[in-house]
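Have the view open while you go through the points.

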Amino acid sequence: MSNILCIGAGYVGGPTMAMIAKNCPEHSVTVVDINQERIERWNSNDLPIFEPGLLEVVQQTRGKNLFFHTDIAGAIAEADIIFVSVNTPTKKFGEGAGKAADMQYWEKTSRDILQNSRKPEVIVVEKSTLPVRTAEAMARILESGNSSTRFSVVSNPEFLAEGTAIQDLANPDRVLIGGEENENGHKAAKTVAELYAHWVPRERILLTSVWSSELSKLVANAMLAQRISSVNSISALCERTEADITEVSRAIGMDTRIGAKFLQASVGFGGSCFRKDILHLSYLCEYYGLPEVADYWASVVRINEWQTDRFFQNILHELFNTLAGKTITMLGFAFKQDTGDTRDSPAIPLCEKLVGENARVRIHDPKALENARIELKNLKGDVSFVEDVYEAADGAHALALVTQWDEYRELDYEKIHQAMAEPAFIFDGRNHLDHDKLYEIGFNVFPLGKSPLKHI
Ligand code: UDX
Ligand code: UDX
């Protein structure tokens, strides 16, 4: 039996540890965080993150072999295996500002581990997405000083996607474990592999070098995001021609070499990882003297920003080039469906641009209003957050769908149309709705990457 600890009770640490606790009942799993309120919510039935199926897993294990608290030093002292899942946002200051990862929390955590570990052998598992070669830096910090603990650092990036975290954890495509190239490192990697082997078939557990593991995480996110930017760039071409992006995505996705996933045109990708990881990959390439490679990856982010701006420009243009005093209702604010997470959501720049035109923005989202308020707290303008979607659309000049929540397909659009200003517009930033039906009801419909359906 081992004491497993996770530092950082966020979107990654919380669900991952709940899944380990569920599948490894002989081990004790503790999750700590500097944020007292977050921990209190993990100890309640009002979890700090919305994730389908998560509460059930937490309820099965909490108080038995899953514990949440804030005594970081005390928990480190008892731990045999420590997962580090603190955030590594894009740096906002100094060298590499806007591109490199901000490593201050991560370094502080490394030093906390060095200072407080008491067990003779401790495995530190890097779960946060970090710059390549960070594990080496962490090992150097842990070897400094005269701790009697022998540390091994293992890289084990997490590939779960929000909204499907529990499924992704229960049935991962692969688990990647990078260990140091020595006997101690191999042993540590195997110990971590044994945890996952409780529920993941062994052929899906990949053992690699630490650096390959770290880089694979950045590249997986970059490649996924690149597919979206590729499709989004083609959506613009489709709008200028007779082609339909849904048909194009379907046709190319049936080529098994390309595959069908991540070809859905959108108002732009968001989330805490894609932008941050690509900018970081690009920064690494620059640092290692590869400006062409850096620029290639940076263009994925540029296209993404351009796509959100294009969506906004379309709204402005179609509403007769003036939004001043007009009400625009945003359907959704989360960066994708089935999550309350708003980090890097395309809804944020969209809202800023609308407010910049003096539009009145009403925001609806079934799960993300609390985070939307926090994201926009410094934005000056006429912005309101409305819990009832019909109230949000009442008197609006246009609806802009940002997040593909299932419930937006089920709304009574006849009723909404009657309550809106005429002519009524709908801009579907996810091609999520039944456009023909909306057109029949009387809307002027603007999908992405296909011809608009206009009455005027
Ligand atoms: C984080 C990283 O952002 C991401 O790069 C990595 O891939 C996985 O871990 P996430 O779980 O989504 O992702 O972050 P977040 O929800 O912000 O959680 C991080 C938690 O760490 C927060 O609750 C924060 O309070 C906590 N934290 C941060 C600490 O406990 N100690 C610190 O020093 C800093
Ligand atoms: C991503 C990776 O998928 C995951 O492996 C990694 O661990 C963290 O980053 P996440 O950001 O939670 O996960 O969600 P994801 O489903 O990848 O979606 C990211 C963004 O891309 C969302 O804004 C989503 O709406 C958008 N997207 C996705 C598209 O615009 N089109 C698509 O076809 C797919």
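1. Start with Glu158: one of its polar backbone atoms sits 3.2 Å from an oxygen atom of ligand 2, in a model that is predicted. I call that a polar contact, meaning a pair of N or O atoms within 3.5 Å. Gly270 also uses its backbone, with an N or O atom 2.9 Å from an oxygen of ligand 2. Lys336 brings in its side chain instead, where an N or O atom is 2.8 Å from a ligand 2 oxygen.

2. How much of ligand 2 does the protein bury? On its own the ligand exposes 660 Å², and 90% of that is buried by the protein (areas by the Shrake-Rupley method with a 1.4 Å probe).

3. Now look at who lines that site. There are 20 residues around ligand 2, and Phe159, Glu162, Ser266, Phe335 and Arg430 come nearest (a residue counts if one of its heavy atoms lies within 4 Å). Helix H9, residues 210–240, gives the most to this shell, with 4 residues (helices are DSSP runs of H or I, at least four residues, numbered from the N terminus). By class the shell has 11 nonpolar, 4 polar and 5 charged residues; Asp, Glu, Lys and Arg are the charged ones, Ala, Val, Leu, Ile, Met, Phe, Trp, Tyr, Cys and Pro the nonpolar ones, and the others, Gly among them, are polar.

4. Over to ligand 1, which has 19 residues around it, the closest being Val12, Asp33, Arg38, Thr129 and Lys276. Its shell splits into 6 nonpolar, 8 polar and 5 charged residues. Arg38 puts a polar side-chain atom 2.7 Å from a ligand oxygen, while Tyr11 has a backbone N or O atom 3.0 Å from one.

5. Some housekeeping: residues are numbered from 1 along each chain as its sequence is written, with chains lettered from A and ligands numbered from 1 in the order written. Local features need pLDDT of at least 70 and side-chain atom pairs 80 or more, while totals for chains, interfaces and linings use all residues, and side-chain values use heavy atoms, leaving out hydrogens and water.

Key: Polar contact = N/O pair within 3.5 Å; in protein donor to acceptor, adjacent residues only side chain to side chain. Helix = DSSP H or I, 4+ residues; strand = E, 2+ residues; numbered from the N terminus.
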